[in-house]
Amino acid sequence: MDSLSLKIAKSVKSYYRPGDMKWHYEHGLVLYASLKAAYYYKDEEIYPWVYAMYDRLIGQDGSIATYREGEYNLDQINAGRALFELYDRSKEERFLKAADRLKNQLVNQPRCLCGVYWHKEIYPWQIWLDGLYMQGPFNAEYSMRHNDNATFDDIAYQLLETHEKLLDKNTGLLYHAFDESRGQRWSNEITGCSPHFWSRSIGWYLMAILDVLDYLPQDHKDRSRLIEVFNSVMEAVLNFQDESGMWYQVPDEKGREKNYLETSASSMFAYSLFKSVRLGYSNDESYVPSARKAMDAIRRIYLSQDEKGIYHLGGICSVAGLGGNPYRDGSFAYYVKEKIATDDFKGVGPFILACLEEEES
């Protein structure tokens, strides 16, 4: 009998076919999560499906269909995480060449004066929490495979500097984004930060630290500091866990009209709680019970099966960003008006990963 993580992955496989894949972080995330579950359970159904998805996008020269390096978009890096396992199993050089292309973007990625990457070229001088996950774990695995210790220093620095810039000292939470130029309407003229916390963005950041630590050398000078920062943010997040077990879209605005219990962030927080205990980064006795409570709530409130036995996951914020056109002002009203979706991969991917961590714990 398959575990829930594998059942969800196979549900996705049943409706997500080769030809559907776009080179996009959420597609990469759900396929990467499915590979992780399959690897753990020694399942052989998932890898051929993932291979077929990437096969259509990766040329023999490592070119990636629809990818444009010159956009300097950190979101485009995350879909590269599966490339390493695809190479390890197929030995096809094109997958490594594709990873090299993504790494080349990071070598040339514009940076803020503080040294952290711009989120995208179209968002100059801006740090978004999302971006640390989009590039950090890929960059860390690439660096491990190339014995690139200098890049480990840079990855750790960016995680720590982002914490410094986006931290709210009153709550211990991190704001969604920071504008070094103070040019955006959403940025605070003193701090440069956006006006609200967004649960999923904090989830991205926590997962970024944990997944980078998978590759960061044990003796790296910043390793212990990263673990400290992880636990300080995680403990702040736990202060806002709802009695239901989940977290709200805007975590510190419980009870405010239109705020809702959100699945992707709750999955990310559960993943982070389970994984940090499993790997010995935290010995807080509340972490595992809090994680189990979150997973129980997601399953109870938002997970369902249809008549074919296919799993569906609801309560997922479809998207949230800042700036752009039409302009997203980062207000509470903005975060709660974006579409709430079912089976959105930004929620399904973290839920698979969280299920797997729960199963391993």
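**View 1. Gly347 sits in helix α13.** Helices here are DSSP runs of H or I with at least four residues, strands are runs of E with at least two, and both are numbered from the N terminus. This is a predicted model, so local features need pLDDT of at least 70, side-chain atom pairs count only at pLDDT 80 or more, and totals for chains, interfaces and linings use all residues. Residues are numbered from 1 along each chain as its sequence is written, and side-chain values use heavy atoms, with hydrogens and water left out. Is Gly347 buried or exposed? Gly347 is buried, with a relative accessible area of 0%. (Buried means under 20% relative accessible area, exposed means over 50%, and partly exposed is in between, using a 1.4 Å probe and protein chains only.) Setting aside residues up to four places away in sequence, Gly347 touches Ser264, Ser267, Leu313 and Ile316. Contact means heavy atoms within 4.5 Å. Leu96 is 251 residues away from Gly347 along the chain, and the C-alpha atoms of the two are separated by 28 Å.

**View 2. Helix α2 packs with helix α13.** Two packed helices are described by the angle between their axes and the distance between the axes. For α2 (residues 25-41) and α13 (residues 345-360), the angle is about 20° and the axes are 8 Å apart. That makes α2 roughly parallel to α13. Axes are lines fitted to C-alpha atoms, for helices over the stretch in contact, and angles run from 0 to 180 degrees between N-to-C directions. Angles under 35 degrees count as roughly parallel, over 145 as roughly antiparallel, 65 to 115 as roughly perpendicular, and the rest as oblique. The crossing of α2 past α13 is left-handed. (Left-handed means the near helix is turned anticlockwise from the far one by less than a right angle; clockwise is right-handed.) From α2, the contact residues include Tyr25, Leu29, Val30 and Tyr41, and from α13 they include Phe345, Val348, Ile352 and Leu356. Sorted by class, the residues of this contact are 13 nonpolar, three polar and five charged. Ala, Val, Leu, Ile, Met, Phe, Trp, Tyr, Cys and Pro count as nonpolar, Asp, Glu, Lys and Arg as charged, and the others, Gly among them, as polar.

**View 3. Helices α6 and α7 make another pair to look at.** The axes of α6 (residues 129-145) and α7 (residues 149-166) come within 9 Å and cross at roughly 165°. So α6 is roughly antiparallel to α7. Here too, the word for how α6 passes α7 is left-handed. Which residues meet? Among them are Leu129, Leu132, Gln135 and Met144 in α6, and Phe152, Ile155, Leu159 and Leu166 in α7. This contact has eight nonpolar, seven polar and no charged residues.

**View 4. Trp23 belongs to the largest nonpolar core.** A nonpolar core is a set of buried Ala, Val, Leu, Ile, Met, Phe, Trp, Tyr and Cys residues joined through side-chain atoms within 4.5 Å. Helix α8 (residues 199-213) gives the largest share, ten residues. Leaving out neighbours within four places in sequence, Trp23 has contacts that include Tyr54, Leu57, Ile58, Thr66 and Leu83. Another core lies apart from the largest one and has 14 residues, including Cys317, Phe332, Tyr334 and Val336.

**View 5. Helix α4 (83-90) has a set of buried residues.** They are Leu83, Phe84, Glu85, Leu86 and Tyr87. What covers them? The cover includes α2, α3, α5 (93-108) and α6. After α4 comes Lys91, and its phi is positive, near 60°.

**View 6. Lys42 and Thr66 each have a positive phi without being glycine.** Lys42 has a phi near 55° and is in the loop between α2 and α3 (46-55). At 70% relative accessibility, Lys42 counts as exposed. The phi of Thr66 is about 75°, and Thr66 is found in the loop between α3 and α4. Thr66 also counts as exposed, at 53% relative accessibility.

**View 7. A cis peptide bond joins Asn325 and Pro326.** The omega of this bond is about 5°. Pro326 is in the loop between β7 (316-317) and α12 (332-337).
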